[in-house]
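Subject: Structure for you to look at

Hello,

Here is the structure I promised. Please open it and keep it beside this email while you read.

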Amino acid sequence: MDDICEGKDFSFPRQEERILQWWKEVAAFETQLKRTESMPEYIFYDGPPFATGLPHYGHILAGTIKDVVTRYQSMAGHHVTRRFGWDCHGLPVEFEIDTKLGIRTRDDVLSMGIDKYNEECRSIVTRYVKEWEDIITRTGRWIDFKNDYKTMDPWFMESVWWVFKQLHDKDLVYRGFKVMPYSTGCKTPLSNFEAGLNYKDVPDPAITVSFPIVGDPDNAALVAWTTTPWTLPSNLALCVNANFVYVKVRDKFSGAVYIVAESRLSELPKRKSKADGLVASMQDLKLSNSKSKGTKDVKAKSIPDTGPYELLEKIAGSSLVGSRYKPLFDYFLEFSETAFQVVADNYVTDDSGTGVVHCAPAFGEDDYRVCIASGVIQKDEDLIVAVDADGCFTEKVSDFHGHYVKDADKDIINVVKGKGRLVSIGSITHAYPFCWRSDTPLLYRAVPSWFVAVENIKEQLLESNKQTYWVPEYVKEKRFHNWLENARDWAVSRSRFWGTPLPVWISEDGKEKVVIGSIGELEEKSDVKVTDLHRHFIDHITIPDGRGPEYGVLRRVEDVFDCWFESGSMPYAYIHYPFENAELFEKNFPGHFVAEGLDQTRGWFYTLMVLSTALFGKPAFRNLICNGLVLAEDGKKMSKRLKNYPSPMEVIGDYGADALRLYLINSPVVRAEPLRFKKDGVYGVVKDVFLPWYNAYRFLVQNAKRLEVEGFEPFVPIDYDTLQKSSNVLDQWINSATESLVHFVRQEMDAYRLYTVVPYLLKFIDNLTNIYVRFNRKRLKGRTGEEDGRISLSTLYHVLLTTCKAMAPFTPFFTEVLYQNLRKVSVGSEESIHYCSFPSTRGKREERIEQSVTRMMTVIDLVRNIRERHNKPLKTPLKEMVVVHPDTDFLEDITGKLREYVMEELNIKSVVPCNDPLKYASLRAEPDYSVLGKRLGKAMGTVAKEVKAMSQADILAFERSGEATFSGHCLKLTDIKIVREFKCPANVKEKEIDAAGDGDVLVVLDLRADESLFEAGVAREVVNRVQKLRKKAGLELTDIVDVYYKPLDDDKNILENVRNSQEQYIREALGCPLLHHTWTPPDAVIFCQEEFHGVSGASFVISIAKATLMFDSDAILALFSGNKKHADDLQIYLSSRDLFNLKLEFQVGNGKIKVDCVEDQPAVDLELGKHVFLSVGDYFLSRKQ
């Protein structure tokens, strides 16, 4: 393995860019697809975004989820085709062209020419394709941009035609009218989903109008309330609720007689309005306290008039049905036979208005439905819509012809007032929908449209939904289920230009209709060659009327498909089914996986479900992950205008794509909840995850290289099966924990629960770095022997390799960086980590040791907390710790296999087990109110009292049995909290002992000072100073040094005594003995030196020097039979040698070398440790022995 830099010098973004370049050079993604093409297919559908804007965090989030899942499935043994798609048609594109060219009306497009207009649209569709590819690729996502699909490709559009023809043949298509949110700015209807995207608080008029009942003896008039005066010219009916009670009242001031719902009598004015003048502007309107039908968050201030009304009679709502009234306007008198009568429906409520709703079927969804049901208008007849595509009145409403409807409100009110029909006038501020593209007010307007009869297949849709698996499940069971339950027929056509044209040809008399399902069919029926399916290529094509030439020809209807219909057809169209890839589709439908944002429950997820159910009677997908919304840090929507978020490329440039991916995946947003994006959170991932992970990897590489430096055989990892037999408890633990990791990740990834996987992975890395590496430093550094060191290094190697493979789908760059170095010592390894199979469980899992180590870490944390409370730093040794727990296996482990690690980590000299929970603690039971409150209701008080009264024996018995009954209610362990409170032993003062627990383990710590531990504490402090000085000097692990100390205290023996009593600890910690400064050779090269004062009461100087070669002069003299010149010459020669190379020669010769190169003297055999010493420290130890 190659040497690597320190974590602080490792640039995650630069390394990622290097890996990106390497992936490109070796065609990594293409190679993975090629290698897996014989494996079972895993079908992933990628919803097509628009390329008219740049990708934002929502795209990156969804893309990351998709990439994680598809990378995992590929490593798990599937062939996963991943093709990017583009949504090319629809309003977003047309709106940009309209803005660019100043197009305001439909006639502007026709004047320009549909061909020129559509080609303008085509020209901008792929404007940002390169930017999308650059950004998506930089995030680490593997997806095929070269073999992408576009909804404007003729072959894609042909499959869309096929889908529509299938629906038509199943009698699921019809032409009708639908009142829809209509954008006058874009001149097209919008979906309800789009209509909800842009609400604004605006003022509107709120008026009540009288409708005199024909033939009423009291000349009574029904009073209706409206916030849309512009709809009054199109009034055809009044609607009441048959279940309400209505009252006929006379205004004592004016004598007028009105009929309103009894519960809404307060809506009538209390006195005659003083203002008789006409309305000049909206500012002249008074405020009303009523709410408008279908609005949100009404804010209205009431200034009611006063004055009494005389009650004439009460009337059942049902008895009003059929009553005829005098029309307000005479524009629609031709409907008099069926119109201008009272109808009834339960959509009329008594929480606003007067209990009487005026119905203009062309401008209200409920109005249209009620008028059809009551026979006021006929479903199969054309509906007269007196407002044009620009929102202006047509010639039908002659008095206001050409006026924009919202501007005409004040004129209409004045006319109503002039007719004596205005009862009251006011204003209301309410949330009103605006077009999300043009920012113009939406009108609800009946438009002719082609529909998919969704209501006919509602039960099948609900059944299809049951066959799908969603994460999180509640989105499927609640939000999506409810949407399907209330599904309405889907208007799939748009009166626009840039889109897939509807393949419907109709005769001039409207009686002959042909629906085309393919290009071939159109060519056959028209005898015209077809190369493109856009309007300007096919609108001129006619089809002969099957009834004969005298009937003329069939021409295509002008509409195009709603782009949601195209994206819903994606599972078929992206592979040109059924014209190609029939076997691939039919063997693998429904697809395995889709993922998008929460908003797509009413968008893409819905259209996928409708079309697949209608076509095949089953869902389009099997598994779905639904993500939430990424918000700015302040909780507001991310806004380019406000610049309230950092750009994705800025974050990636600072911290890398892996950190961004992990930050997003490990957040509530993967559970369909909102995320407040914080750049600091991405940095936190680098600091808390990647740097510790990198440091564990670096520690492995450093110590593997150390073997070579020290002259041992190069590091080759011991095989996995042999390592499973290691007797070291932490080896057993990390091997078992790795098996648990693999088992858990496979289980959760197969269940698509990404949000559970990442926290588990992060915890594992934390344990690897802070438990295995931290507690095993001596072994990893080879200080417990070469063989044990190799076992530990090999264990760490396999764990890191397995972790990298498990994390590869999540962090593809970083794992590749590590893998490329790790694979150098593994024969037969794959070229890229992403070609590897996902790890599978193959060893044994030791649940007992995993649990014991977890508890050990709890013990360590608890003791640290006690030390902090009492200002006892870890460098201060303590005498004894008692671990209290009823599990004898754990106590056996903590005082046996794990004892050494606990004592060293906590600097404690003795660990005492105790399985009697009452020796050091008293038990108290508390009911868990959060769990029991709702369940027990009124019985909670009684049960709580009994639980709190439990004796120590009762609590112990409850813990053993796992349940107990209180006032007839059986409570389990999860229902009651057992609180353990420390009980100080009788013979110990409170300041001398303390305890801490977590509800499972209790630790008791002896805090009394012990002089015998003083020297151990000083030794730890000295070692700490030396290690910091080594780091400061930039010394490597493999550098051979000598360490000297010089006491500065008057009592020179303090440090000498510490060194003598703690010699073994110091030598193991430093890798060399601590030498008195008098041992320093005169020619020593000092690397660094520093004075320390007041360290546990001692002051001293530490010097770190380059190791100096030492000789036993008498032993060397004896080699030459007392010839001093020969002995001196040999020492001069050896001192000139490179110490590192000399060390290697001795290692190769098993501690011996032959010297025969000194001129004019005999060859001699030298023995390390007898004649020569590689450092002053080695010489010191030999003399001491």
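How many bridges join strand S3 to S4? Two bridges join strand S3 (residues 173–183) to S4, and the strands run antiparallel.

Before more findings, some ground rules. This is a predicted model, in which local features need pLDDT of at least 70 and side-chain atom pairs count only at pLDDT 80 or more, while totals for chains, interfaces and linings use all residues. Residues are numbered from 1 along each chain as its sequence is written, and side-chain values use heavy atoms, with hydrogens and water left out.

**The open sheet**

Strands (E, at least two residues) and helices (H or I, at least four) are DSSP runs, numbered from the N terminus. Two strands pair if DSSP finds at least two bridges between them. Four strands form an open sheet in the order S4-S3-S15-S17, with antiparallel pairing. Strand S4 (188–189) and strand S17 (490–491) stand at the edges. Each has a single partner strand, so one side of each is left without a neighbour in the sheet. Tyrosine 182 stands opposite proline 189 in S4.

**Strand S9**

Buried means under 20% relative accessible area, exposed means over 50%, and partly exposed is in between (1.4 Å probe, protein chains only). Five of the five residues of S9 (residues 257–261) are buried, so this strand is largely enclosed by the rest of the structure.

Now look at the partners of S9. Strand S6 (residues 221–226) pairs with S9 in the parallel sense, over two bridges. Here alanine 221 stands opposite tyrosine 258. Strand S8 (residues 245–251) pairs with S9 in the antiparallel sense, over five bridges. Tyrosine 246 has alanine 261 in S9 as its bridge partner. The hairpin of S8 and S9 has five residues between the strands. In that hairpin, glycine 255 takes a positive phi near 85°.

Glutamate 1036 sits in the loop between helix H36 (1014–1033) and strand S36 (1041–1047).

Arginine 641 is in the loop between strand S26 (630–631) and helix H21 (648–655). Its relative accessibility is 71%, so arginine 641 counts as exposed. Lysine 1106 is 465 residues from arginine 641 along the chain. The C-alpha atoms of the two are separated by 62 Å.

Best wishes
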